[in-house]
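Dear colleague,

I am passing on the structure we spoke about, with the sequence alongside.

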Amino acid sequence: MVMAVDHDTLIGWLSRLKLTAIRDQLDNLLDEASRADLTIRETLAFLCEREIARKDERRIIMAMKIAHFPHARDLEGFDFEAQPSVDPQQIRELATARWVANGDALLLLGPPGVGKSHLAIALGREVIRKNYTVLFTTAQALVATLVRAHGEGRLEERLGFLAKPKLLIIDELGYLPLEPNAAHLFFQLVSRRYERGAMLVTSNRSVGEWGTVFGDPVVATAILDRLLHHSHVITIRGDSYRLREKRRSGLLQKSTTAAGMESN
């Protein structure tokens, strides 16, 4: 005997089960299933697919907010033709997030403006879509946070927080001078995440210059020893996107000409 259930009761049940996608589109989904002449089993599968899709969408939106990306960037927006030193196939492989699952490190090295941050954000967003947690920060902000936590006696708590995301992205290492104690604090973070959580670091300095970046060659070597043990290193060579756009628009030439006129 089939139990008769009114619409409001069914909506209430769906709410209790937190099947909100089915609840919010119930009539439309049932009409669509009817038009497609689906069996009961096929209809159930169809409803489940819609519910899962909604939950995945919400999870991704929330994870993107938690990651604190400064901008929305994707791989489709990266100009591979303008940066021939970047292998599209290698980037597509990295987008599968297998390296994140393995707890590897990824270093994106190259001069300013060549797309390191774009790739870091785009890969971070792909990693979230693969159901991993991500946190994005600049090197300056990261070190400042660690220094403050150390001074307040909360370093262990902060290191624990930074160890949680499956992928930690550290952008712009080497652009600005770091705090005197930065090398030791950074080493503690890398050691905490070593072979447990993946790291992505962008830098305008080659790894040979990191001793200067941290102001301590010995600790910098220890940091690199751990980062490079299981790593992928991509060195981007080429012109800055921003300078290229200025040249195309003529702004760079005009600026140079104006400067020359002022000096005469």
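Predicted model: local features only at pLDDT ≥ 70, side-chain atom pairs only at ≥ 80, totals over all residues.

Residues are numbered from 1 along each chain as its sequence is written, and side-chain values use heavy atoms, with hydrogens and water left out.

The protein has 14 helices and five strands, these being DSSP runs numbered from the N terminus (H or I, at least four residues, for helices; E, at least two, for strands). Of its 264 residues, 39% are buried, where buried means under 20% relative accessible area, exposed over 50% and partly exposed in between (1.4 Å probe, protein chains only). Among the contacts (heavy atoms within 4.5 Å) with a separation of 6 or more, 80% join residues 24 or more positions apart.

How do helices H8 and H10 pack? Helix H8 (residues 139–151) and helix H10 (residues 182–193) have axes 10 Å apart and meet at an angle of about 95°, which makes H8 roughly perpendicular to H10. Axes here are lines fitted to C-alpha atoms, for helices over the stretch in contact, and angles run from 0 to 180 degrees between N-to-C directions; angles under 35 degrees count as roughly parallel, over 145 as roughly antiparallel, 65 to 115 as roughly perpendicular and the rest as oblique. On the H8 side the contact is formed by Leu142, Val143, Leu146, Val147 and His150, and on the H10 side by Ala182, Leu185, Phe186 and Leu189. By class, eight of these residues are nonpolar, one is polar and none is charged, with Ala, Val, Leu, Ile, Met, Phe, Trp, Tyr, Cys and Pro counted as nonpolar, Asp, Glu, Lys and Arg as charged, and the others, Gly among them, as polar.

Towards the N terminus, Asp6 caps the N-terminal end of helix H1 (residues 7–16), with a side-chain oxygen 3.1 Å from the backbone nitrogen of Asp8. Just after H1, Lys18 takes a positive phi of about 60°, and Lys18 is also one of the residues touched by Glu51, together with Leu19, Thr20, Ala21 and Ile22, when residues up to four places away in sequence are not counted. Glu51 belongs to helix H4 (residues 40–67) and counts as buried because its relative accessibility is 4%. A polar atom of the Glu51 side chain lies 3.2 Å from the backbone nitrogen of Thr20.

Two further non-glycine residues have a positive phi, Asp37 at about 55° and His68 at about 65°. Asp37 sits in the loop between helix H3 (26–35) and H4 and is exposed, with a relative accessible area of 65%; His68 is in the loop between H4 and helix H5 (88–94) and counts as exposed at 53%.

Lastly, Arg237, in the loop between strand S5 (231–235) and helix H13 (241–249), counts as exposed at 57% relative accessibility.

Conventions. Polar contact = N/O pair within 3.5 Å; in protein donor to acceptor, adjacent residues only side chain to side chain.
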